[in-house]
Amino acid sequence: MDRGLELCPRDEEAVFSSSEDRIRTSHSAVAVAGAVVASEDAWSTTRAYARRAAESLFSVLFPSDCRICGLPLLNISRLPVCPECLARIQPTEGNVCSICGERVLSAYAEPDDGLRRCPACRRLDRPYERAVAYGSYDSGLRELIHLLKYNGVRPAARVLGRMLAEAWPMLESSFASEMVLVVPVPLFKGKRRQRGFNQSELIAEAALKVYSANGRMQLASGLLLRVRDTHSQIGLTSHQRRENLRGAFAVARAQEVTGREVLLVDDVYTTGTTASECAKVLRRAGAAKVWVATVARTLKLASKYVDIAAGDPAVRVSEFERFKVGA
Ligand SMILES: [Zn+2]
Ligand SMILES: [Zn+2]
């Protein structure tokens, strides 16, 4: 909070008020008060003080540090994140599984039937068609999502929405219908009230504003409900995660889902338990197909995965699961 004061050298400490003629400098020879007419030089000095004092006040009133790297922000923005930190957030590079979006080894990189599958997706039948994500859930992207979710920095939703919209073209060519329902993963009403918003909904709205083919997308908030409060998924085994979410979701108006293609939207895909549970509920209510798009996804460290891949293929799959971080 003292950053503003640092802008004024200590021996020239200025006091700013709403009127320029009430600016006083504590250790300066310049006196500006009432009828005292200052010399031209002194006046311009005073104006400089006033400007600096105004900047000080502004930096006190508005966040002045980037909330990711901590460096002072040079421009005033509704999003307290510097352009460098935003520029460092990049889409995932390299081969990922066409079905779940997980990073895949070169051994699994060759697509069959046009789709590349990770070991888990070769083994499992997912309740959704495909899940895509913009970037890896770490460093800057993770911080940006946390700013929105846990610090209530709503302008972050606009940036995250833009990123989500960048992931959508990966799916769009696969859509069979003219109009796809965009369904944000819901929060339980108590949590929504506490947070004041549902981050997935804000991100979906922001994405629809910038997406060029948004004529094919129809936001359907409130269609899917979280009817039961659930614990955090962190630290749970895959069985416990499924149990934790069992019966947590319901479709409010099944007739609106019947025969429709749904694009489920969330901020993060971690283990896929939430996406899978929502997809199951939507399919049961009659949805023809469910697609999943998230801003971020947890991805395994490539180096660790390469070590695992050298081992027994049977071990490989269980280890693959184990590296996933819960939530
Ligand atoms: Zn920064
Ligand atoms: Zn996969």
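Tutor: Helix α6 passes helix α9 in a right-handed crossing, that is, one in which the near helix is turned clockwise from the far one by less than a right angle. The model is predicted: local features need pLDDT of at least 70, side-chain atom pairs count only at pLDDT 80 or more, and totals for chains, interfaces and linings use all residues. Residues are numbered from 1 along each chain as its sequence is written, while chains are lettered from A and ligands numbered from 1 in the order in which they are written.

The axes of α6 (residues 156-167) and α9 (residues 199-210) come within 7 Å and cross at roughly 65°. Such axes are lines fitted to C-alpha atoms, for helices over the stretch in contact, with angles from 0 to 180 degrees between N-to-C directions. Helices (H or I, at least four residues) and strands (E, at least two) are DSSP runs, numbered from the N terminus. Among the residues that meet are Leu160 and Leu164 of α6, and Leu202 and Ala206 of α9; contact requires C-beta atoms, placed from the backbone, within 7 Å.

Helix α5 (residues 139-151) contains Ser139, whose phi is near 30°, a positive value in a residue other than glycine. Ser139 counts as partly exposed because it has 13 C-beta neighbours inside 10 Å; buried means 20 or more other C-beta atoms within 10 Å, exposed 12 or fewer, and partly exposed in between, with C-beta atoms placed from the backbone. Leu141, Leu144, Ile145, Leu147 and Leu148 of α5 are buried. The buried residues of α5 pack against α6 and α9, among other elements including β3 (131-136).

Terms used: Two residues are in contact if their C-beta atoms, placed from the backbone, lie within 7 Å.
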